[in-house]
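Work through these exercises with the structure open. Try each task before reading its solution.

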Amino acid sequence: MTDLKSQIDPDKVPQHIAIIMDGNGRWAKQKGLPRVLGHHSGVKSVREVTEAGAQLGVKYLTLYAFSTENWNRPPAEVTALMSLLVETIKGEIRDLNKNGVRLTAIGDIEALPPATLKTLKEGIEKTKDNQRITLVLALNYSAKWEILHATRILAERVKAGLLNPSDITQDLFEQELSTHGMPDPELLIRTSGEARLSNFLLWQVAYAELYFTPVFWPDFGQQELYEAILSYQNRERRFGRISEQLS
Ligand code: IPE
Ligand code: IPE
Ligand code: MG
């Protein structure tokens, strides 16, 4: 096997990678297993990708774990996913601390079931001083929800006479997004062969490099992460300029 890791340019590793972890259900179905086992198997990928990313110097890893649209799944699957979250966070806190991983979340988390919210808040609190990498779980997240939420906050401020519409800049708007304080992801990965964003980080990925792989999430590990980063490093990010302008 070629050593992919050694081909990665350490000076060009993305600061922030976002991943739409998809294909757990199909992974399980292919093996004749219940969908929920696919979700359980996806936890190993989260561990492996977080550690591989941290070793390379990635500072933020944002994982789409549950969208606002996912409430429309069969109730038993929603319940199983919420329980898996509780179990996983509780079970991982020690290792997160050992590995310097700070846990945070984006999305409408206050609307999560109380047990999930409680465990999530504990996980966030107990890992808040870690600095090696920040693992951001997108939970009850959707980009349209987030953008509307920010818009309402700014509209209230205008209404109260605290803000002029002409003072609403990109920077000010970003301060009201749930990702405030984080750099935008330079690389967005989606597993399972689907080539859509499914309401994930629409504002923040405006200039991200998109990487789609057919691999199902439970089969995505460190080698697959290296491949994605190598693909990213082989692209020319022009930001509207022409090639000759980039030195
Ligand atoms: C991603 O896997 C996990 C969540 C959305 C929670 P899926 O459950 O969407 O798996 P597929 O897409 O049905 O295979
Ligand atoms: C997107 O995956 C949400 C998460 C990965 C949590 P879905 O499997 O829910 O997306 P669609 O339904 O295929 O767009
Ligand atoms: Mg899916």
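**Exercise 1: Contacts of ligand 2**

Solution. Next take N70, where the distance from a side-chain N or O atom to a ligand oxygen is 2.9 Å. Then D22: here the distance is 3.1 Å. A polar contact is a pair of N or O atoms within 3.5 Å; within protein, one must be able to donate a hydrogen and the other to accept it, and residues adjacent in sequence count only if both atoms are side-chain atoms.

This is a predicted model: local features need pLDDT of at least 70, side-chain atom pairs count only at pLDDT 80 or more, and totals for chains, interfaces and linings use all residues. Residues are numbered from 1 along each chain as written, chains are lettered from A and ligands numbered from 1 in written order, and side-chain values use heavy atoms, without hydrogens and water.

**Exercise 2: The shell**

Task: list the residues around ligand 2 and sort them by class.

Solution. First, list them (a heavy atom within 4 Å): I20, M21, D22, Y64, A65, F66, S67, N70, R73, R190, R196 and S198. Second, sort them: five are nonpolar, three polar and four charged. The nonpolar class is Ala, Val, Leu, Ile, Met, Phe, Trp, Tyr, Cys and Pro; Asp, Glu, Lys and Arg are charged; the others, Gly among them, are polar. Third, look for the main source: strand β2 (residues 60-67) gives the largest share, four residues. Helices (H or I, at least four residues) and strands (E, at least two) are DSSP runs, numbered from the N terminus.

**Exercise 3: The largest pocket**

Task: describe the pocket whose space ligand 2 takes.

Solution. Ligand 2 takes the space of the largest pocket. A pocket is an open set of points on a 1 Å grid over the protein atoms alone, where a 1.4 Å probe fits, with protein on both sides within 12 Å along at least five of seven lines; lining residues have an atom within 4 Å of a point. A molecule sits in it if more than half of its atoms lie within 2 Å of its grid points. The volume is about 1000 Å³, counted as the space filled by probe spheres set on points joined across faces, edges and corners. Of its 42 lining residues, M21, N24, V46, Y64 and A65 are closest to the centre. α4 (75-98) gives the most to this lining, with nine residues.
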